[in-house]
Number of protein chains: 2
Amino acid sequence: MIRVEVALPGERSYPVVIGAGALAEAGQHAGERPFCVSELTVFEAHAGLLPPLFATQVVPSGEAAKEWETLEATLSSMAFERLDRRSVVLLFGGGAVLDVGGLAASLYMRGIRAVSCPTTLLAMVDASVGGKTAINIAGGKNLVGTFHQPVAVLADTRTLATLPDSEWRSGLGEVVKTALVDGDELLARVERDARALAQRELGSIDELIAACVRAKARVVAADPHESGPRKALNLGHTFAHALEKVAGFGAIPHGVAVACGLTLALAASERAGLLEDRTLTARVDALLRSLGLPRSLGELRMQHGALPPRELLEAMKLDKKARDAQPKFVLPRRAGALQLDVELDSTLLLELLA
Amino acid sequence: MIRVEVALPGERSYPVVIGAGALAEAGQHAGERPFCVSELTVFEAHAGLLPPLFATQVVPSGEAAKEWETLEATLSSMAFERLDRRSVVLLFGGGAVLDVGGLAASLYMRGIRAVSCPTTLLAMVDASVGGKTAINIAGGKNLVGTFHQPVAVLADTRTLATLPDSEWRSGLGEVVKTALVDGDELLARVERDARALAQRELGSIDELIAACVRAKARVVAADPHESGPRKALNLGHTFAHALEKVAGFGAIPHGVAVACGLTLALAASERAGLLEDRTLTARVDALLRSLGLPRSLGELRMQHGALPPRELLEAMKLDKKARDAQPKFVLPRRAGALQLDVELDSTLLLELLA
């Protein structure tokens, strides 16, 4: 088992516990009567790993959970069960469960404690650290949310056994992004492990998840509310969110959209004259290929339909990172060195998205 | 014009500007394209006091605004108008507008700036300071919300001219509560001004609002997230929220319910042997009478129907201040000295509520 301590300025620090058996700690963090938010397939397969639960709210799987109806139902259920300010909400599922359940916990009585128990690779490396919660509204992805740090994160890798291949690959997309944000050392490590990762050999997955969590925790600690450096974590995400929105939330797994967003960010960086390490494009291309991730918008379109450039452009204008309908991009200069807040003109964007 | 600076630990401080003309400052806080949340009657009567607006969301008047539908519509409208992270939301109305609009501002893109422009006496003395936002759900009043401090509060007393008498009295209910929390000096002042207040003479209202704001700001600064001393501000509120819930949210004006809650809290304090100043009950009774506020549950029932004791008791069990369905009360020992977290047994409560 690996423990990583996440310390944010002005907040209580919290542990991220990674490995087979992490959920054994759930009882000590969740108190006597934990209220669980989970999704059906995860709950059916792995509820045995949890401590005795007081009540459970089952939400739809995947992005479909991140809707008003689910948030409202969860909060009503918390009220029905008479949770009080000492109650703890146990979030047991993928990123969507953590997002909507974390939002419910942050809103109920203006905030009660949450323990994040991510069950997907994506959620373990990304959603579980940093305290972002959200739902989607028609206007855009994650447009409604809060910052609410969990009291503990328990990433029990036993839950990965039942993860569908597509979700596994999605997680690898965020792993590659994290490596590009963090630097050469982590990137080289992912390259070295690529073959084993593609084949879902779990031998070194704890260490890799821990490395990603440490990388993300460093960035978040420097800027918890994303006013500056934390934006780096949005590498590839302006593109990715537009792809997900135009395809219909949930159609393209998030990390798969991010992988495609990384290649678009690299191309944009090159076109904008910002890319210092010219070998990076080929490296990322080879890495994505060996991980079974799309390396271009063309590849993504073969699976997910037209994704028209003009619709993608429109979607970007309402991205949270946009100002006055001018989307902002994070572009790589080299591994570990990113340019934040780049504006790209519509002509260039439409060419990239063609 | 009077300025009170509210300084909270770990937060940017913000000004509360009180007086006829306070809204002249709205432009400088709200930026170029303010998004306004308001209610129809207030907006129709006083929109001329506001700077040019980019867009306006009109919500139902009073507690009816504090519903999921209004929150969702407001957030959708913010997305439709493409507000970004620099946008400012101008909250122009009574406490309910501040509550639901402030919640929307705190959720949109995980939080954008809000300027509170309270237009009722209640909102000026109470809702505008402290950063609490909320909506009601079937399970209870204010059960869903956040803490989100405004960047400025502009209490323009010109808007009080059109306030209905019932709402004016409701505001006076919170004034009396604030005085009981703060101490003898403020209480004596309210007693001295009672006649003029009952007749809505506005001569000294700026000073009185400022005194209430200063009193509340002192309490909030000591405990922004209500883990301890801030609970004092809930004097009378466990009773009041139950009365409002059982009567149907919106039927009894909040401050009127609070006034009744104060008399119940005094009676409870006496019964529990906590009341040190035995003259307080008679003083408060006389003050409420001269302000035209109910002095007993009996008086309230004449206007609002049965309010059955057992239903009131049930409602209290889901109050945010309850633990394990055991409601907690704030009881006065004397003006300015309160006992927090008092538990009262059901028999005593049912007697008080009979």
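This is a predicted model: local features need pLDDT of at least 70, side-chain atom pairs count only at pLDDT 80 or more; totals for chains, interfaces and linings use all residues.
Residues are numbered from 1 along each chain as its sequence is written, and chains are lettered from A, with ligands numbered from 1, in the order in which they are written.

Let's start with the fold as a whole. Chain A holds 14 helices and 11 strands, taken as DSSP runs numbered from the N terminus (helices H or I, at least four residues; strands E, at least two). Its C-alpha trace spans about 55 × 40 × 40 Å along the principal axes. Of the 354 residues, 55% count as buried, meaning that 20 or more other C-beta atoms, placed from the backbone, lie within 10 Å of a residue's own.

Now look inside the chain, at domain 1 (2–162) and domain 2 (165–352), whose bounds come from an automatic or database domain assignment. Their centres, taken over C-alpha atoms, are 24 Å apart. Across the boundary, 31 residues of domain 1 are in contact with 31 residues of domain 2; contact requires C-beta atoms, placed from the backbone, within 7 Å. On the domain 1 side, β1 (2–6), β2 (14–18), α5 (121–127) and β8 each supply at least two residues.

Finally, turn to the partner chain: 30 residues of chain A are in contact with 31 residues of chain B. Here α3 (68–80) and β8 (140–147) of chain A each supply at least two residues of the side that touches chain B.

Notes
A residue is buried if 20 or more other C-beta atoms lie within 10 Å of its own, exposed if 12 or fewer, and partly exposed in between; C-beta atoms are placed from the backbone. Two residues are in contact if their C-beta atoms, placed from the backbone, lie within 7 Å.
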